[in-house]
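Visitor: I would like to learn how to read a few features of a model. Please take them one at a time.

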Amino acid sequence: MREINNIVILTGAGISAESGVATFRGPDGLWEGHRVEDVATPEAFQRDPALVQKFYDERRAKLQTVHPNAAHKALARLDADWGGDFLLVTQNVDDLHDRAGSKRLLHMHGELLSGLCLACGERSAVHKDLSSGPACPHCDQVALRPDIVWFGEMPYQMERIELALAQCDLFVSIGTSGAVYPAAGFVRSAAHYGARTLEMNLDPSDGSLYFDESRMGKAGDLVPAWVE
Ligand code: BV8
């Protein structure tokens, strides 16, 4: 059994569920009758920018009413205490890992609290509605889109993630259905390079068969117990 020095953790919407943030594919997985896949696309933004901005404005506003849970906090403690390489890759666009204190953290699908300017390409912090058409603080143009990776767009920092997966000794997936690529393929990459793989999820995921071990239950219970 290889000694564990380098850890990569992948989280999905399930880790934020106990904080009150809706998951994508649970009973609450629809938004105003829209499938997320239909709203979270560049085509939807072209077709109806007001609808897409409203979808993200509402989720951004919700962040002010939710808080990190025991799972987010346990991962932040692990990050602080772990002497080896450590990378927490989240698919989530909420700021709960950030607020819990995670430092070695990467938002591969972007963040609700960030805006991307279509005019100058610069990013800026966004704390209120984009529907109201705020100007970009860098170029003063009204051209801000959510800094979110939509379906059909390339997730952020994929080279850094692939390098971490190639070098990790342990890959842990928490709270994700394993339905969306490339994140859903990370377990196979890690295993290919000889890492041990552990899944913690409420239900079996699409990728459960690829994990050495799958623990079923709530992240708020399983993750602190695993970290301690
Ligand atoms: C790309 C931001 C190419 C948006 C998101 C056919 C085959 C393979 C791939 C494809 C295909 N057709 C299309 C594709 C590509 C597509 C894809 O995978 N589609 C799927 C639907 C088949 N992927 C893409 O488009 C990606 N980009 O491929 O680019 C490319 C290449 C070169 C150049 C340019 C482009 C981009 C995908 C990113 C989309 N953006 N998020 C937003 O948030 O609005 S995806 C979004 O859904 C999430 O970020 C997450 O990644 C994904 C899945 O969600 P989960 O986090 O897993 O949440 P879910 O609700 O599904 O599951 C929650 C789980 O938690 C459940 O299992 C549940 O049991 C569990 N749970 C619930 N409560 C708890 C719990 N667990 C523990 N405790 C609890 N309390």
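Guide: Start with a pair of residues: Gly110 stands opposite Ile148 in strand 8. This is a predicted model, where local features need pLDDT of at least 70 and side-chain atom pairs count only at pLDDT 80 or more, while totals for chains, interfaces and linings use all residues. Residues are numbered from 1 along each chain as its sequence is written, and side-chain values use heavy atoms, with hydrogens and water left out.

Visitor: Which strand pairs with strand 8, and over how many bridges?

Guide: Strands of a sheet pair through backbone hydrogen bonds, either parallel or antiparallel. Strands here are DSSP runs of E, at least two residues long, and helices are runs of H or I, at least four, numbered from the N terminus. Two strands pair if DSSP finds at least two bridges between them. Strand 6 (residues 110-117) is paired with strand 8 over four bridges, in the antiparallel sense. Another facing pair is Cys117 and Leu144, the latter in strand 8.

Visitor: What is the order of the strands in the sheet?

Guide: The order is 7-6-8, in an open sheet of three strands with antiparallel pairing. Strand 7 (123-125) and strand 8 (144-148) are the edge strands, each pairing on one side only. From one strand to the next, the twist averages 45 degrees; axes are lines fitted to C-alpha atoms, for helices over the stretch in contact, and angles run from 0 to 180 degrees between N-to-C directions.

Visitor: Is strand 8 mostly covered or uncovered?

Guide: Mostly covered: five of its five residues are buried, meaning under 20% relative accessible area, with exposed over 50% and partly exposed in between (1.4 Å probe, protein chains only). Helix 3 (residues 49-62) lies across strand 6 and strand 8, at about 60 degrees to strand 8; contact means heavy atoms within 4.5 Å.

Visitor: Why does Glu159 count as exposed?

Guide: Glu159 counts as exposed because its relative accessibility is 69%. Glu159 lies in helix 6 (residues 158-167). Its C-alpha atom is separated by 25 Å from that of His72, 87 residues apart along the chain.
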